[in-house]
Amino acid sequence: MGKIIDVVNAERPTRYLQDGSMGPQDESLAFRAQFPPAANKYGWLQREVLFPQRTAPVNPNKSEVTDWAALTEHIKEYAKSLGADDVGIADMNEDFTFTDRDPLPHTRVIAFAMNMKYDSMADIGQASQTEVHRVYFKMLDVSVQLARYIGGFGYQATGHPNQGEYAHVPFAYLAGLGELGKHGSLISPTLGSSIRLGLVSTDMPLVVDGPKDYGIDDMCTRCTVCTRFCPADAISPEKKVIKGVERFYVDTAACRPLFQHLWGCKICLMVCPFNGRGVFKEQYRVVAKDIAVAKEKHGYLKILAKRTPGADTNKILSEYL
Ligand code: SF4
Ligand code: SF4
C-alpha cells in the first residue's frame, strides 16, 4: 500500500506569484483576454461580491455544544446541502499558510470538493474556461454561506478562495478528501480528478478526519498516463522533496506557457484514469478511447484540434513540441 505523506518538515508555500496572477502581466492579460463573457462574470462576482464577505460575523451568544461528533456531521451535511460533493475536516497546520499572509487564530479547516462538468473540461476550449470559473464562483459562494452558518453558532469562520490564507491541496489531503496525484492535484477516490477544492477555517472544534491512504499513491507510482500526455513534459515521473515534503512534483514554470495558450490546459486532469472510477466513468470512456488512439501528447493534441474548433492546438504543436 502507499503511505501517508509526512508533513512534519513542511515549509510555508509561496503563491505562483505574490500578486496571485499566473505570470508576467502581459501574459496574464493575454490569457484573461481569452476568457468568454460568462467566465468574466463569474470572476467579477468572486472578486467584487463574495471575497469581501468571506469572514463571517460571529454571534455573541455562543451555542452550547455537547456532542461534537454530531455537530461535525451536521456541518458536513450542511456544506453538501449548499452544493459540496464531498467534505472533510483537517486539523489546522500553519505551515500551509501562504508566505504573503498571516495565519488566522483558527484550529480546524473544513475542506470540500466540487465536481467540474467532465465533458466541458475535456474539450480544453473556451467552455472549459467558463466551467472552471463557474465552479470557482460556486466554491466561494458555498464558503461564504458555510462560514456564516458557523458564525451563527458563535464561532469564527473564514472562507478561502485561491487568494486566501491557506493552500487548498494540502488541507484537502489532511482532511482525507483524497491523495495527491502525480499530476499535482488532489484525486478523490469517489469523484476522480475533475474537481476543485474549497476551504473554510474556523475555531469551532470539529472532529478531525485526517489524511487517508486510498491506494492512489500506489497507482500513481505505477501509472504513466499524465506524464506521457502532458504537452509541456512538466510532470515529474518521480517524487522529490519540495519545501520539506517528499511528494509528486509538477514544474509550474514549464506548465505555464501551455496553460496560458491552451485555455488553462488541464489535459493531465482529464486523462487521469481515476476519472474512469468516479462519477464521470461513462464520459471518461470517450477520453480513454482517445488515449488509446493518440498514444502520446502529439496525437492527443491533434485529436483536441479536431474536437475543439478555435483551440489553437496546431500552433501549439508547431511552437511548443
Ligand atoms: S494519470 Fe496516472 S499517474 Fe497521473 S495522476 Fe492519474 S493515476 Fe496518477
Ligand atoms: S496543465 Fe497541461 S501543461 Fe500543465 S501539467 Fe497539466 S498537462 Fe502539463
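Biologist: Which helix is Leu174 found in?
Modeller: Leu174 is found in helix α6. Keep in mind that this is a predicted model.

Biologist: Is Leu174 buried or exposed, and why?
Modeller: Leu174 counts as buried because it has 25 C-beta neighbours inside 10 Å. The cut-off for buried is 20 or more other C-beta atoms within 10 Å.

Biologist: What does Leu174 touch, not counting residues up to four places away in sequence?
Modeller: Leu174 touches Ala90, Asp91, Asn93, Gly210 and Pro211. Take Asn93 from that list. Leu174 and Asn93 are 81 residues apart in sequence, and their C-alpha atoms are 9.1 Å apart in space.

Biologist: Where is His168?
Modeller: His168 is in helix α6, which covers residues 168-174.

Biologist: Buried or exposed, for His168?
Modeller: His168 is buried, because 22 other C-beta atoms lie within 10 Å.

Biologist: And which residues is His168 in contact with, leaving aside its neighbours within four places in sequence?
Modeller: Those contacts are with Leu197 and Leu199. For another distance, take Leu186: its C-alpha is 9.3 Å from that of His168, and the two are 18 residues apart in sequence.

Biologist: Let's zoom out. How many helices and strands does the chain have?
Modeller: The chain has 13 helices and 8 strands.

Biologist: What is the radius of gyration, and what would a compact globule have?
Modeller: The chain has 20 Å. A compact globule with 321 residues would have a radius of gyration near 20 Å, so the two agree. As for the box filled by the C-alpha atoms, it is roughly 65 × 45 × 35 Å along the principal axes.

Biologist: What share of the chain is buried?
Modeller: Buried residues make up 43% of the 321 residues.

Biologist: And of the contacts between residues at least 6 apart in sequence, how many join residues at least 24 apart?
Modeller: The share is 77%.

Biologist: Now helix packing. At what angle do α3 and α5 pack?
Modeller: Helix α3 (residues 68-82) and helix α5 (residues 126-152) pack at about 145 degrees. Their axes are 10 Å apart, and the crossing is right-handed.

Biologist: Which residues make that contact of α3 and α5?
Modeller: Tyr78, Ala79 and Leu82 come from α3. From α5 there are Val142, Gln145, Leu146 and Tyr149. By class, the contact has 6 nonpolar residues, 1 polar residue and no charged residues.

Biologist: On to the ligands. Which residues are around ligand 1?
Modeller: Around ligand 1 are Gly181, Lys182, His183, Met219, Cys220, Cys223, Val225, Cys226, Val271, Cys272, Pro273 and Phe274. The elements that give two or more residues to this shell are α7 (216-222) and α8 (225-229).

Biologist: How does the shell around ligand 1 split by class?
Modeller: There are 9 nonpolar residues, 2 polar and 1 charged.

Biologist: How many residues surround ligand 2?
Modeller: Ligand 2 is surrounded by 14 residues, and the closest are Cys230, Cys255, Leu258, Cys265 and Cys268. By class, its shell has 12 nonpolar, 1 polar and 1 charged residues.

Biologist: Which helix gives the largest share of the shell around ligand 2?
Modeller: The largest share, 3 residues, comes from α9. Both α9 and α10 supply at least two residues each.

Biologist: You listed Cys265 there. Where does Cys265 lie?
Modeller: Cys265 lies in the loop between α9 (252-261) and α10 (267-271). Phi of Cys265 is near 45 degrees, a positive value in a residue other than glycine. With 22 C-beta neighbours inside 10 Å, Cys265 counts as buried.

Biologist: What is phi for Lys295?
Modeller: Phi of Lys295 is positive too, about 70 degrees, although Lys295 is not a glycine. Lys295 lies in the loop between α11 (281-294) and α12 (297-307). Lys295 is exposed, because it has 11 other C-beta atoms within 10 Å.

Biologist: Last one. Which helix does Pro257 lie in?
Modeller: Pro257 lies in helix α9. Pro257 counts as partly exposed, because it has 18 C-beta neighbours inside 10 Å. Pro257 and Phe31 are 226 residues apart along the chain, with their C-alpha atoms separated by 9.9 Å.

Methods:
Residues are numbered from 1 along each chain as its sequence is written. Chains are lettered from A and ligands numbered from 1 in the order in which they are written. This is a predicted model: local features need pLDDT of at least 70, side-chain atom pairs count only at pLDDT 80 or more; totals for chains, interfaces and linings use all residues. A residue is near a molecule or strand if its C-beta atom, placed from the backbone, lies within 6 Å of it. Helices (H or I, at least four residues) and strands (E, at least two) are DSSP runs, numbered from the N terminus. Ala, Val, Leu, Ile, Met, Phe, Trp, Tyr, Cys and Pro count as nonpolar, Asp, Glu, Lys and Arg as charged, and the others, Gly among them, as polar. The radius of gyration is taken over C-alpha atoms; the globule rule is 2.2 Å times the number of residues to the power 0.38. A residue is buried if 20 or more other C-beta atoms lie within 10 Å of its own, exposed if 12 or fewer, and partly exposed in between; C-beta atoms are placed from the backbone. Two residues are in contact if their C-beta atoms, placed from the backbone, lie within 7 Å. Axes are lines fitted to C-alpha atoms, for helices over the stretch in contact, and angles run from 0 to 180 degrees between N-to-C directions. A crossing is left-handed if the near helix is turned anticlockwise from the far one by less than a right angle, and right-handed if clockwise.
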